[in-house]
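Here are a few notes from my pass through this one. Have a look at the structure first, then read the points with it open.

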Amino acid sequence: MNTPVSFPEIIKEIQAQNAQLIAVSKTKPESQIMDLYEQGQLDFGENRVQELVDKEKNLPKDIHWHMIGHLQTNKVKFIASFVHLIHSVDSFKLLKEINKQAQKENRTINCLLQFKIAQEESKFGFDLHSAEEMLNSETFQVLQSVNILGVMGMGTFTHNMVQVRTEFQKLKNIFDHLHANFFKQKTDFQEISMGMSGDYKIALEEGSTMVRIGSLIFGSRY
Ligand SMILES: *Cc1c(COP(=O)(O)O)cnc(C)c1O
């Protein structure tokens with residue numbers, strides 16, 4: 001179990017690595033979000049649409065809401081007006097729906113492509129081949145209302161940190177490959193969202209630009 005660390009301590013450590021903290025507030029009450037907000041934290045991550053919608057409604061409007069969990073296409077419409085960044089784009093079908101809903105809202109929605117880097121069967125995400133197929137397609141080229149800023153991945157839930165490090169290196173390689181082959185001219189394609197409470201230090205060492213940390217700052221979820 002992770003022992004909670006203080007917010008000022010962890011934010012300093014993350015910023016020293018030029019990375020950004022996404023405070024994962026899923027299952028946590030709005031009072032705990034406000035506590036961090038008052039210390040200057042603006043970026044919060046949620047993994048369920050209903051909870052995200054409810055919190056957005058009640059909390060300050062300058063919060064940046066990050067969708068980090070698997071997103072069903074039929075629920076995109078509920079978050080399209082306000083979501084700051086969707087980390088969990090795991091299919092072409094989902095990306096097309098995000099584009100459609102963004103268009104309806106007259107805005108562009110920032111997205112990360114989620115890659116399956118873990119051993120576990122349960123994890124969602126593209127493999128390199130399916131992502132390249134999408135990026136090469138004409139349908140992708142004409143999507144005007146989504147903005148791809150980088151990649152996201154989750155390491156295997158294990159104590160084997162050698163394995164987790166290898167998985168993070170794999171995601172960094174995927175990022176470098178996509179950058180070189182598809183996004184070379186796109187200066188805002190620069191995000192690698194990887195690292196959670198148990199493995200963020202390794203993620204930062206391997207080039208993470210966004211760590212998604214919940215239990216370490218908010219306490220464990222029951
Ligand atoms: C819950 C969650 C996190 C944060 O997990 P912690 O171990 O509590 O830090 C990060 N990323 C995703 C996608 C999550 O669902």
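1. A polar contact here means a pair of N or O atoms within 3.5 Å; within protein, one must be able to donate a hydrogen and the other to accept it, and residues adjacent in sequence count only if both atoms are side-chain atoms. At the ligand, a backbone N or O atom of Ser215 is 2.8 Å from a ligand oxygen. Ser197 uses a polar side-chain atom instead, 2.5 Å from an oxygen atom of the ligand. Lys26 also works through its side chain, with an N or O atom 2.7 Å from a ligand oxygen. On its own the ligand has 390 Å² of accessible area, and the protein covers 91% of that (Shrake-Rupley method, 1.4 Å probe).

2. Before you go further: this is a predicted model, where local features need pLDDT of at least 70 and side-chain atom pairs count only at pLDDT 80 or more, while totals for chains, interfaces and linings use all residues. Residues are numbered from 1 along each chain as its sequence is written, and side-chain values use heavy atoms, with hydrogens and water left out.

3. Which residues are around the ligand? They are Val24, Lys26, Ile68, Met154, Met196, Ser197, Arg212, Ile213, Gly214, Ser215 and Arg221 (a heavy atom within 4 Å). By class, that shell has 5 nonpolar, 3 polar and 3 charged residues, with Gly counted as polar, Met, Val and Ile as nonpolar, and Lys and Arg as charged.

4. The ligand sits in the largest pocket. A pocket is an open set of points on a 1 Å grid over the protein atoms alone, where a 1.4 Å probe fits, with protein on both sides within 12 Å along at least five of seven lines; sitting in it takes more than half of the molecule's atoms within 2 Å of its grid points.

5. Take a look at Glu206, in the loop between α9 (200-205) and β8 (210-213) (helices of at least four residues and strands of at least two, from DSSP runs). Glu206 counts as buried because its relative accessibility is 17% (the cut-off is under 20%, with exposed over 50%). Its side chain makes a polar contact with that of Arg165, at 2.7 Å.

6. Asn18 is exposed, at 70% relative accessibility. Thr27, in the loop between β1 and α2 (30-37), is likewise a non-glycine with positive phi, about 70°. Thr27 is exposed, at 54%.

How values were computed: On a 1 Å grid over the protein atoms alone, a cavity is a set of points where a 1.4 Å probe fits but cannot get out, and a pocket is an open set with protein on both sides within 12 Å along at least five of seven lines; lining residues have an atom within 4 Å of a point. Buried means under 20% relative accessible area, exposed over 50%, partly exposed in between (1.4 Å probe, protein chains only).
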